[in-house]
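Please examine the model shown below.

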Amino acid sequence: MLTWFPSPYPDELFYSVLCRYYLSSGIKEHYLVKKQLFGTKAGVKMATLYPNAAVHAVLSRLPEGVFDGHNVILRHTPFAYYTRMYPATEREALVNDLLQGRGKTPTHLWRTFPKEDYALRYCPLCIQEDTQIYGEPYYHVEHQIPLSSVCVRHKCRLKQIDVDNPRLALNNRFYPLGTVETDRETDMDVSPAELRVSELVREYWRLPASVSPPTCNNLYQTLLNSGYMTIVRQSGIAVDKNKLYAALCDYHGVEAVKRVLGENISGTMMKRLKTWEQLLPDRYIMIQAMLDLTTKAVFDPEPIRDKLKEKIGRMAEQGGFCTLRQVACSLGMKHYEVNAILRYYDMAPFWREVPAGKSQTARKGVLRCTVDEAELERIRQYSHELGYHCAGAFALDCVRYVMEQTELSNR
Ligand SMILES: [Zn+2]
């Protein structure tokens with residue numbers, strides 16, 4: 001049983017608390033302290049980004065009720081960030097697994113975790129501030145999430161501690177921030193994109209445990225509303241992947257985009273982003289930052305406006321005499337695009353079907369109108385613009401329209 005254990009500081013990384021335990025134990029040998037902390041699980045990896053059995057091992061060696069395990073996992077490890085895109089019930093199950101010591105890192109995370117060159121990170125100004133307030137510096141959870149590169153509080157670039165073979169070293173040994181060599185110089189040369197991304201990483205981490213992606217996808221809808229829409233014959237509406245990739249490169253820089261999204265956005269990736277099946281938040285955050293969308297809007301269960309659907313809905317509601325050519329023209333689209341969109345929205349055509357080819361109906365009887373040359377020219381012009389093949393077919397359709405409307409209103 002552990003008779004003493006440090007209280008975590010605000011947003012302190014769990015590993016950092018272990019380091020402070022090591023420091024105050026007065027014992028030099030790392031393996032002895034690991035034995036004290038983890039008992040039979042002394043071989044556990046204690047500095048992984050996603051929490052593991054180390055949390056349970058320590059908590060089970062403390063008198064009951066000293067620490068709230070939920071709180072340790074949610075506030076003192078990046079767990080809430082890495083599981084933000086999971087349904088709330090699944091997240092809760094993962095927390096419970098960890099609290100029982102059964103936690104396993106989800107495989108999709110393994111693949112995305114940074115490799116050998118990644119070590120714990122710090123902000124030189126937080127070191128100063130924490131030392132003033134608490135008497136010692138410590139590692140902050142939000143600084144460790146790899147997508148974040150800036151201390152949101154001080155708007156300066158994060159630095160990494162200098163350790164050989166960090167993954168192995170940090171898991172086996174304690175490196176209290178107060179005892180490792182740190183660079184006190186601040187680098188304030190930070191782009192707005194880097195700062196915004198870091199702010200969003202922090203927001204995703206700090207959201208209440210109950211917050212998960214809603215049924216609607218406001219991030220995806222904002223892309224469609226903001227000019228990243230393309231129309232495809234089969235599926236109707238989709239995000240233009242190449243345009244989006246190019247815009248992300250413009251905003252974040254090519255290297256940053258490559259790191260997070262790879263060389264391009266594949267159809268599968270786009271589909272997974274649309275359905276929230278992409279479980280790592282990084283890619284959503286890159287897009288959200290570029291769109292200048294709030295985290296509240298992204299996780300809002302209330303869908304934002306679908307501007308195109310509203311526009312077409314208004315046209316359909318307005319009714320009146322109109323043809324596909326007219327609708328396509330006012331939307332700035334091709335005929336097949338308008339048809340694809342209607343299928344996508346599951347809406348019925350609301351325009352008049354223009355007969356193909358010359359009108360056959362005039363064969364049995366003749367309807368003659370007498371107009372002057374100028375008016376005939378106007379009628380021909382109109383009929384052409386609306387997509388009719390001749391003025392007669394147009395005139396006949398107008399007559400039918402008036403009769404249909406009258407019948408409808410008499411019902
Ligand atoms: Zn800072």
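This is a predicted model: local features need pLDDT of at least 70, side-chain atom pairs count only at pLDDT 80 or more; totals for chains, interfaces and linings use all residues.

Residues are numbered from 1 along each chain as its sequence is written, and side-chain values use heavy atoms, with hydrogens and water left out.

The chain is divided into domain 1 (14-192), domain 2 (214-298), domain 3 (305-351) and domain 4 (357-411); these bounds come from an automatic or database domain assignment. Between the C-alpha centres of domain 1 and domain 3 there are 54 Å.

The zinc ion has as protein donors Cys123 (SG), Cys126 (SG), Cys151 (SG) and His154 (ND1), at 2.1 to 2.3 Å. Donors are N, O and S atoms within 2.8 Å of the metal (3.2 Å for Na, K and Ca), and sites may look incomplete because water is not among the atoms. The angles among the four donor atoms run from 103 to 113°, and the site is tetrahedral, a label given to four donors if all angles lie between 85 and 135 degrees. For four tetrahedral donors the ideal angle is 109.5 degrees. The spacing of the donor residues in sequence is C-x2-C-x24-C-x2-H. Cys123 is in the loop between β1 (121-122) and α8 (124-134), and His154, 31 residues apart from it, is in the loop between β2 (150-151) and β3 (156-157). Helices (H or I, at least four residues) and strands (E, at least two) are DSSP runs, numbered from the N terminus.

The table gives relative accessible areas, where buried means under 20%, exposed over 50% and partly exposed in between (1.4 Å probe, protein chains only).

| Residue | Relative accessible area | Class |
|---|---|---|
| Cys123 | 1% | buried |
| His154 | 15% | buried |
| Val371 | 34% | partly exposed |

Val371 belongs to the loop between α20 (335-345) and α21 (373-386).

The largest pocket is lined by 34 residues, and Pro146, Leu147, Arg259, Val260 and Asp282 lie nearest its centre. Elements giving two or more residues to this lining include α11 (192-206), α14 (254-261) and α16 (282-291). A pocket is an open set of points on a 1 Å grid over the protein atoms alone, where a 1.4 Å probe fits, with protein on both sides within 12 Å along at least five of seven lines; lining residues have an atom within 4 Å of a point. Domain 1 (14-192) and domain 2 (214-298) each supply at least three residues to the lining of the largest pocket.

Methods:
Four donors count as tetrahedral if all angles lie between 85 and 135 degrees; four count as square planar and six as octahedral if opposite donors are over 155 degrees apart and all others between 65 and 115; anything else is irregular.
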